[in-house]
Amino acid sequence: METIWILGDQLVRCHPAFERVERSTARVLMIESAAHARRVRYHKQKLVFLFSAMRHYAEELRAQGWTVDYYREQPDFEAGLVAYLRQHRPSRIWLMEPNEYGVAELLKRLVAAHGLSLDILPTTMFISDRASFAARAQGKKTLVLENFYRRMRQMTGLLMEPDGEPTGGTWNYDRENRQVPPPDHRFPPLPRYAPDAITREVMDWVRRDFPDGYGVIEPFHWATTRAEAEDAYQDFIEHRLDLFGPYEDAMVRGQAALYHTLVSPYVNVGLLDPLVAARQAEQAYRAGKARLNSVEGVIRQFIGWREFIYQIYWLRMPEMAQANFFGDTRPLPHYYWDGETRMQCLRETITQLQQTGHTHHIQRLMVLGNFALLAGVLPQAVNEWFWLAYIDAYEWVTLPNVLGMSLYADGGFLATKPYVASAAYINRMSDYCQGCAYNPKQRHGEGACPFNSLYWDFLDRHRAKLFPNQRMRMMYAAWDNMDPQERTATLAWAATLLTRLEEL
Ligand SMILES: Cc1cc2nc3c(=O)[nH]c(=O)nc-3n(C[C@H](O)[C@H](O)[C@H](O)COP(=O)(O)OP(=O)(O)OC[C@H]3O[C@@H](n4cnc5c(N)ncnc54)[C@H](O)[C@@H]3O)c2cc1C
Ligand code: SF4
């Protein structure tokens, strides 16, 4: 008898082992590991989402005629495996290649201890090729998304014309995507999925066994089945895709999604196929339902950024996990946990995260990551926090985004310059500064926005490492042209703030 072992983040419609075994005799094995769920204080909604999605997936497979052995609430993977092997003696165990580094080896060892071996099949969750990515990356000090993205467009044919040119004559419309909605703008409501009996049962388990998890467990509105995840994406196509581009970088108080897809939790566990999603976005453009800059932007996220991040993870592991280019050591301030800070941008973002397990990209990059980098927080502490607090966090995607893109801890392999900004950026792209206890226009002294002096201090303290970077020249020119007394006062205020980080 052959067994297909399916992990919690591999809930794909077409598992590569499905076509290799006889459905009538093969068995599907799924195990809930409490030890895995306790590695960090995961957001409660992440645990609910993941275990509920697994249980629903088992039902989906049963409805298709598969025999599924589902081991609930096991202490760890080994306990589930031992329970399974007590009942069944598989001639072969199939596993789709895990997304995260080291997991395949771990599971191979586990299975080998019982005199069995794993047959690992290539993943179907990504479309780019690891070997050719590694070959192209050889000898490069920095990788640029744009080159990779164009190859992905050519490979998939997405937004490509018969003559080989990109649709509309331009590959990337990011320049058109930096608008802020007017104050009276009305955002479309988001679809909500009420927890069913399966989800409510998981909620009881999480309440009972994971009471220390980050954030709140309810209200829980996430989709947990494939049908719901696909419905959520259709809702995006229908109501939000057209304005995805223009307002992609904006941040608005009380608006969790703006025009983003909000499908990362589903894509990351295989409930939604990103290539299919990208093709549906293209169809909406061809049908005249959405503007090109929005559709190109969404497609770039799915087949550009997502694939690029995955490739960089595999290229740079395991060293990447320890990267700390600036040698930062500070602990993460308490407000990343409790949201209690006078800085409105951080308070709004963290409160939203506690409530939902999600914030959009610019909140992650330009508020949470930006502040942690300016404050000199240990990159591994920041990474662990992102990993536990977000509903869509898995090591392959969190680590490169946090350490590489956001904190520049890899010294610029993934990002050509650090994503740092003062209050001017946040004030331009959001309404957070209105009514904030701090003044976004003040550089130093009581009441000055902490982002300001910390920004200049960051540039000053890392001058030796960053000044040689051509893309930093304008920032250093602005700093060097500042009045010397102003510079001294700014650095002195930053030094004061760094001793008071917990009180901001
Ligand atoms: C500091 C930091 C931490 C992050 N941590 C995570 C994480 O743990 N998990 C995660 O999925 N994404 C992470 N991202 C990337 C990105 O912010 C999220 O994928 C996105 O905000 C998810 O919301 P959405 O589904 O509405 O995305 P949209 O903006 O609507 O984009 C559509 C889809 O594109 C993909 N995508 C877009 N950008 C990225 C990216 N940079 N990396 C990988 N996929 C991408 C996702 O599948 C996403 O669902 C992080 C980014 C930063 C800066
Ligand atoms: S003033 Fe500073 S702390 Fe307040 S919201 Fe703006 S950027 Fe954030």
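Predicted model: local features only at pLDDT ≥ 70, side-chain atom pairs only at ≥ 80, totals over all residues.
In this briefing, Ala, Val, Leu, Ile, Met, Phe, Trp, Tyr, Cys and Pro count as nonpolar, Asp, Glu, Lys and Arg count as charged, and the others, Gly among them, count as polar.

**Around ligand 2**

- The residues surrounding ligand 2 are Met343, Cys345, Ala423, Ile426, Tyr432, Cys433, Cys436, Tyr438, Pro440, Cys449 and Phe451.
- Ligand 2 takes up the space of the second largest cavity.

**The largest cavity**

- Searching the whole structure turns up 2 cavities of 30 Å³ or more.
- The largest cavity has a volume of about 380 Å³.
- Its lining is made of 23 residues, and those closest to the centre are Asp9, His36, Arg39, Leu50 and Phe77.
- Three elements, β2 (27–33), α1 (34–37) and α2 (44–63), each give two or more residues to this lining.
- Helix α2 gives the most to the lining of the largest cavity, at 5 residues.
- Sorted by class, the lining of the largest cavity holds 14 nonpolar, 4 polar and 5 charged residues.

**The second largest pocket**

- The volume of the second largest pocket is about 620 Å³.
- Its lining consists of 30 residues, with Leu190, Arg192, Ala256, Leu262 and Thr356 lying nearest the centre.
- Helix α14 (residues 344–356) supplies the largest share of this lining, 5 residues.
- In the lining of the second largest pocket, 16 residues are nonpolar, 10 are polar and 4 are charged.

**Parallel strands**

- Strand β1 (residues 2–5) runs parallel to β4, and 4 bridges join the two.
- Strand β4 (residues 92–96) pairs in the parallel sense with strand β5 (residues 118–121) over 4 bridges.
- In this pair, Trp94 stands opposite Asp119 in β5.
- Together with helix α4 (residues 103–112), β4 and β5 make a right-handed β-α-β unit.

**Backbone details worth a look**

- Most residues other than glycine have a negative phi, and most peptide bonds are trans.
- Glu218 and Pro219 are joined by a cis peptide bond, with omega of about 0°.
- Pro219 belongs to the loop between α7 (197–209) and α8 (226–239).
- A cis peptide bond also runs from Met317 to Pro318, and its omega is near 5°.
- Pro318 is found in the loop between α12 (292–316) and α13 (335–338).
- Leu258 is not a glycine, yet its phi is positive, at about 50°.
- The loop that holds Leu258 lies between α9 (241–244) and α10 (264–269).

Note on methods
Residues numbered from 1 in each chain as written. Chains lettered and ligands numbered in written order. Heavy atoms only, no water. Pairing = 2+ DSSP bridges. Right-handed = clockwise from strand over helix to strand, strands pointing away. Near = heavy atom within 4 Å. 1 Å grid on protein atoms, 1.4 Å probe; cavity = no way out; pocket = protein on both sides within 12 Å on 5 of 7 lines; lining within 4 Å. Sits in = over half its atoms within 2 Å of the grid points. Points joined across faces, edges and corners; volume = space filled by probe spheres on them.
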